[in-house]
Amino acid sequence: MAGTTIDPTFSDDERAAMREHAAEVKRSRSTKGTRAEKAAAAAQAVRDAIAGMPEPDRALAERISRIALETAPGLTSKLWYGMPAWAEDGKVVFFFQGAAKFGARYATLGFQDPAALDDGSIWPTAYAITPAFSDDDATRVAALIRRAVG
């Protein structure tokens, strides 16, 4: 928004993510075409974002994306604050945040409110993912995704 300043307590990376999100919203509102064409464009934007990630984030994101598409083919992929995300009815259910995004020591698989992961009065909504991601880890992520989409 013109003339608006972003809170200076946010890091440069966080401010960049907010700008990416604003551009994503603007793009989605201005994109012409059918619902299927818009979904295809959003999916391509996710593939492009993953392709632009440094290693090992790229390999992890590609693997999470494959797991997501195989486990919950009804979800749509879209960018969310510049990160690959998977949504149901337009609402982000989960996302992948590469370690390089904010200079973190590990990548993150995060779940949002629409994810049906409720377990009593406390449950995890984010998981650290390292390059040592194994087949057993992939099985666990697939189970989390299945549970998240109910």
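In the largest nonpolar core, which has 29 residues, the members that touch the most other members are Ile64, Phe94, Phe96, Phe111 and Phe133. By a nonpolar core I mean a set of buried Ala, Val, Leu, Ile, Met, Phe, Trp, Tyr and Cys residues joined through side-chain atoms within 4.5 Å, where buried is under 20% relative accessible area, exposed is over 50% and partly exposed lies in between, with a 1.4 Å probe and protein chains only. Two or more residues of this core come from each of helix 2 (35-51), helix 3 (57-71), strand 3 (91-97), strand 4 (107-111), strand 5 (126-129) and helix 4 (135-148), and helix 4 gives the most, with six residues. Helices (H or I, at least four residues) and strands (E, at least two) are DSSP runs, numbered from the N terminus.

Please keep in mind that this is a predicted model, in which local features need pLDDT of at least 70 and side-chain atom pairs count only at pLDDT 80 or more, while totals for chains, interfaces and linings use all residues. Residues are numbered from 1 along each chain as its sequence is written, and side-chain values use heavy atoms, with hydrogens and water left out.

Phe133, leaving aside residues up to four places away in sequence, is in contact (heavy atoms within 4.5 Å) with Leu60, Arg63, Ile64, Ile67, Ala138 and Val141. There is also a second, separate core of five residues, among them Met83, Ala85, Val92 and Phe95.

Turning to the sheet, five strands form an open, antiparallel arrangement in the order 1-2-3-4-5, two strands being paired if DSSP finds at least two bridges between them. Strand 1 (76-80) and strand 5 are the edge strands, each pairing on one side only. Between strand 2 (residues 83-88) and strand 3 there are four bridges, and Trp86 has Phe94 as its bridge partner in strand 3.

Within helix 3, the buried residues are Asp57, Leu60, Ala61, Ile64, Ser65, Ile67, Ala68 and Thr71. Seen down the axis of helix 3, these buried residues fall within an arc of 165 degrees (taken from the directions from the helix axis to the C-beta atoms), so they line one face of the helix. They pack against helix 2, strand 2, strand 3, strand 4, strand 5 and helix 4.
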